Amino acid sequence: MQPFFITSSGTGTGKTLVTTALCWQLRQAGKYVSALKPVISGFDARDAENDTARILRSCGLPAEPKMMDIISPWQFKTPLTPSMAARAEEKPMVDMDKLVAFCRDYHVLKSDFLLVEGVGGVMAPMTKKHTVLDWMVALNWPIILVVGSYLGAISHTLTALETLRTNGLKVAALVVSESFPADVSLADTTMALENFVPRDVPIVKIPRLRDGAEPWKDVPSISWIVESANK
Ligand SMILES: Nc1ncnc2c1ncn2[C@@H]1O[C@H](COP(=O)(O)OP(=O)(O)O)[C@@H](O)[C@H]1O
Ligand SMILES: [Mg+2]
C-alpha cells in the first residue's frame, strides 16, 4: 500500500478538497483507498460538512459517529490548532507517539492507497513542543502539498516546500487550488512557481469550483499524482 500525507501552506487552503477528490477518483478507477483525518478541531459530529464526514462520504461510507471516531480519534470542538484546542478544552495534548502509531497501523491494512490529511499548515502546533512537521518527519511518507493562489501564496508555498525539503521529506506533488477572492490568477501563480519549484515536483492546478454538495466530484483528474508514485 502506498501512503501519502496531505499538508498545506496554511489552513483553509484545500487539503480536504484534495483528499476527498483523490478518494473519489481512485475509487472510480477501482482502487481501494483508506483515508484518515486523525486529528480534527472545530469538530461537530452533527455537521455533515466537517472534514471527517466529507472524507467518509467521498469514500462512499456513511458519515456516522462510529465511523468518524475510527478515522478521526482525536477530536476537538474548538476551532483552533490542536495544542490551543486541547488547552481551551482542558484536555490532554495529542500524544505524538500514539498519533504516529495510529497512522502506521492503518498502513498495514490492505488498501492500494492510504491518505492522511494533516491539520492546518506544515508547522501548525500539535503540542507545546511539536508541529505537524514532526508528525510528517516521523512517518516519512510522500507529501502532497496544497497551496492557494492568493497574493502572497508564492512565498508561503516556497517557504513550505523549503521546510519540507530541508527536513528530508519527498514532495509527490504541489497542488495549487484557486483562491477566492484572489488578486492574482491561478495561471500567473503557477507560472511564477514553475521558476522556483524543483523539476521533479509536478504542479497541479485546481480551478475555482462552483458551490456544490459534493465538490470532490467536480475536481479535474488529479489521481495520476498518486498512481504515478505507486509505479
Ligand atoms: N478550488 C476550489 N474551488 C472551490 N472551493 C474550494 C477550492 N479549494 C478550496 N475550496 C473550498 O474552500 C474551503 C476550504 O477548503 P478545505 O479543503 O476544507 O481546506 P483545508 O482542508 O486545507 O482546511 C472549503 O469549503 C473548500 O470546498
Ligand atoms: Mg481540512
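Author: Happy to; let's begin with helix H1, residues 15-28. Its 14 residues reach 20 Å from the first C-alpha to the last, close to the 20 Å expected at 1.5 Å a residue (the expected span is 1.5 Å times one less than the number of residues). Helices here are DSSP runs of H or I with at least four residues, strands are runs of E with at least two, and both are numbered from the N terminus. A word on the basis: this is a predicted model, in which local features need pLDDT of at least 70 and side-chain atom pairs count only at pLDDT 80 or more, while totals for chains, interfaces and linings use all residues. Residues are numbered from 1 along each chain as its sequence is written, and chains are lettered from A and ligands numbered from 1 in the order in which they are written.

H1 is mostly covered, with twelve of its 14 residues buried; among them are Lys15, Thr16, Cys23 and Trp24. Buried means that 20 or more other C-beta atoms lie within 10 Å of the residue's own; exposed means 12 or fewer, partly exposed is in between, and C-beta atoms are placed from the backbone. After H1 comes glycine 30, with a positive phi near 85°.

Six strands form an open sheet in the order S2-S5-S1-S6-S7-S8, with parallel pairing; two strands pair if DSSP finds at least two bridges between them. Strand S2 (33-36) and S8 stand at the edges with a single partner strand each, so one side of each has no neighbour in the sheet.

Strand S7 (residues 171-177) has six of its seven residues buried, so the rest of the structure largely encloses it. Five bridges join S7 to the parallel strand S6 (residues 143-147), with leucine 145 opposite leucine 174 and valine 147 opposite valine 176. Four bridges join S7 to S8 (residues 203-206), also in parallel, and there serine 177 stands opposite isoleucine 206.
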